[in-house]
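Please look over the sequence and the model shown here before reading on.

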Amino acid sequence: MSSSELTERQVAAWTSYQRMRVQLSGRIGRELVREVGLSEADYEILAAIIESPDGSIRSLALRCGLDWEKSRLSHQLRRMTERGLVVRDECLEDNRGFVVRASEAGLAAARAAQRHHEQAVRRYVADVLSAEQLDLLGAIAETVLTKLDDERLQPAGVV
């Protein structure tokens, strides 16, 4: 077996993780739509906005924070603006970009979605895992995120 091939153990772990990720994301996403009327993408954007210190965020910072392509963010914000969830204002520091903030309807939806999201995470993850398993899950996530961040910060072609 070459060093680039995964072992059976690695494949089994990855397959279980993928199934869990897809099912959790799908389940929580469907519940958000049904209970609050927000897609997962809507929620991600609104959560980033309400977590920002002044309740607004530059579009570039939003795109980088979500790790989305420019076109994906642009289309999503257009749909959310049309639905009255967000407002886009000119960015005084950079006339090429804009600042995004939640409308009153967006804030109300974000708060409802946040409560529902937390309940879902508790129901599907926090209440199912032991304290040790939760700690291990957090440590695993941080290790993988550190690797992803390190590679993102590397110059192109250098890994």
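What follows is a walk through the model, from overall layout to single residues.

This is a predicted model, in which local features need pLDDT of at least 70, side-chain atom pairs count only at pLDDT 80 or more, and totals for chains, interfaces and linings use all residues. Residues are numbered from 1 along each chain as its sequence is written, and side-chain values use heavy atoms, with hydrogens and water left out.

The protein has 6 helices and 3 strands. Both kinds of element are DSSP runs numbered from the N terminus: helices are H or I with at least four residues, and strands are E with at least two. Read from the N terminus, the order is α-α-β-α-α-β-β-α-α. The C-alpha trace spans about 55 × 40 × 25 Å along its principal axes. Of the 159 residues, 25% count as buried. Here buried means under 20% relative accessible area, exposed means over 50%, and partly exposed is in between, with a 1.4 Å probe and protein chains only.

The next feature is the largest pocket, which holds about 1,700 Å³ of space. A pocket is found on a 1 Å grid over the protein atoms alone, as an open set of points with protein on both sides within 12 Å along at least five of seven lines; a cavity, by contrast, is a set of points where a 1.4 Å probe fits but cannot get out. Lining residues have an atom within 4 Å of a point. Grid points are joined across faces, edges and corners, and the volume is the space filled by probe spheres set on the points. In the largest pocket the lining comes to 31 residues, and Y17, M20, R21, L137 and A141 lie nearest the centre. At least two lining residues come from each of α1 (8–36), α2 (40–51), α5 (104–126) and α6 (131–153). By class, the lining has 21 nonpolar, 4 polar and 6 charged residues. For this count Ala, Val, Leu, Ile, Met, Phe, Trp, Tyr, Cys and Pro are nonpolar, Asp, Glu, Lys and Arg are charged, and the others, Gly among them, are polar.

Which residues form a nonpolar patch on the surface? They are L136, I140, V144, L145 and L148, with about 460 Å² of accessible area together. L148 is part of helix α6. Patches are made of residues with over 30% relative accessible area and no salt bridge; nonpolar side chains (Val, Leu, Ile, Met, Phe, Trp, Tyr) are joined within 5 Å, and like charges within 9 Å. The areas come from the Shrake-Rupley method with a 1.4 Å probe, and for residues only the protein chains shown count as cover.

Salt bridges come next. Such a pair has a side-chain nitrogen of Lys or Arg within 4 Å of a carboxyl oxygen of Asp or Glu, and a search of the whole structure finds 7. One of them joins D89 to R101, with the closest N and O atoms 2.8 Å apart. D89 lies in strand β2 (residues 86–90) and R101 in strand β3 (residues 98–102), so the pair ties together parts that are 12 residues apart in sequence. D89 is partly exposed at 30% relative accessibility, and R101 is partly exposed at 34%.

Another salt bridge links E82 and R78, whose closest N and O atoms are 3.4 Å apart. Both residues lie in helix α4, 4 residues apart, about one turn of the helix. E82 is exposed at 60% relative accessibility, whereas R78 is partly exposed at 35%. E35 and R34 also form a salt bridge, with the closest N and O atoms 3.2 Å apart. E35 counts as partly exposed at 49%, while R34 is exposed at 57%.

The backbone has one point to note at D67. Most residues other than glycine have a negative phi. The phi of D67 is near 60°, a positive value in a residue other than glycine. D67 lies in the loop between α3 (59–66) and α4 (70–82), and counts as exposed at 64% relative accessibility.

Some C-alpha separations give a sense of scale. V22, in helix α1, is 127 residues along the chain from D149, and their C-alpha atoms are separated by 22 Å. Y124, in helix α5, is partly exposed at 24% relative accessibility; the C-alpha atoms of Y124 and A141 are separated by 17 Å.
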